[in-house]
Amino acid sequence: KSTYVDGLLEKINKGRLHPNFHLHRTATGRLSSSNPNLQNVPRDTSIRGLFEADANSLLVVADYDQIELRIMAMFSRDENMLTIFADGIDIHAGAASLLFDKPVGEITSEERQLGKSANFLTAYGGGAGKLSSTSGVTLAKAREIINQYYEQFNGLSLWKHKVVMKAKKDGFVTTISGRRRRLPDINSNNDELRSRAERQAVNAIVQGSASDICKKAMIKAQPQVASFGGKVLVQVHDELVVNVPDDDRVDYYSDIIQESMGHGKDLNGVPIVVTANHGRT
């Protein structure tokens, strides 16, 4: 831990860290950060507690709730996924409810965790082996869960199949705002290279579209935040960290930030949810 902090100390200028943010370094279009990388701060509270708001200020952290899974629901039009989001059900508990054929209210924390693992495996690519190693279930059980998942979310599996077919034809995929990712290995004779390109095709659309949405949110938030003397400090993929005045209007500032990120609006029929918290560190 101290090595991490020592590395940051030498980069401080006038009491603050001033990282670089890069628009074009990632294949999916996500912003990346370097010197230092402030999108990858250890979760350890003793380290996170070192990042403080300015004097007489607070930090507001506003982040999208399951934006990538919502994007998958929007593109695939999968009925079960759309219903879960429209009804405001926790997506991981909702997936587990369908997987284990139980009401959402009766889902255990272990079952929810399996629902969560299955959700993210489909978003980022990965098979039964990955599910087995991350969740501790047997390989046979993992296969059963994945098969059941695609049965329950058959609109999602159909969409992923269409994405791969179109990528094979075009040689690229396109995000929600038109950013292209080229996939030179999508028609490769090498199974490993082709499989990876197929996973990248889906991931590029999902992660790239989430990135598009967050960048648009930053553009919209900037003048709003500046109007009350705040400042957007850091973007961590699907969250914004904003310095705001420490006064009795902090909830109003949070509301403005959430609204500029699209909270309460619809993404082609899928509700966008942004949660915000504030504190000194």
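Why is helix 5 (residues 91-100) largely enclosed by the rest of the structure? In this predicted model, eight of the ten residues of helix 5 are buried, so the helix is largely enclosed. Buried here means under 20% relative accessible area. The buried residues are Ile-91, His-92, Ala-93, Gly-94, Ala-95, Ala-96, Ser-97 and Leu-99.

After helix 5 comes Asp-101, which has a positive phi, near 55°.

The model also has an open sheet of four strands, with antiparallel pairing and the order 6-7-3-10. Strand 6 (231-235) and strand 10 (274-279) are at the edges; each has a single partner strand, so one side of each is left without a neighbour in the sheet. From one strand to the next, the twist averages 25°.

Within this sheet, strand 3 (residues 57-64) and strand 7 (residues 239-245) run antiparallel and are joined by seven bridges. Leu-59 stands opposite Asn-243 of strand 7.

Which strands does helix 11 (residues 250-260) lie across? Helix 11 lies across strand 3, strand 7 and strand 10, and runs at about 145° to strand 10.

How values were computed
Residues numbered from 1 in each chain as written. Predicted model: local features only at pLDDT ≥ 70, side-chain atom pairs only at ≥ 80, totals over all residues. Heavy atoms only, no water. Buried < 20%, exposed > 50% of the residue type's maximum accessible area, 1.4 Å probe, protein only. Helix = DSSP H or I, 4+ residues; strand = E, 2+ residues; numbered from the N terminus. Pairing = 2+ DSSP bridges. Axes fitted to C-alpha atoms, helices over the stretch in contact; angles between N-to-C directions. Contact = heavy atoms within 4.5 Å.
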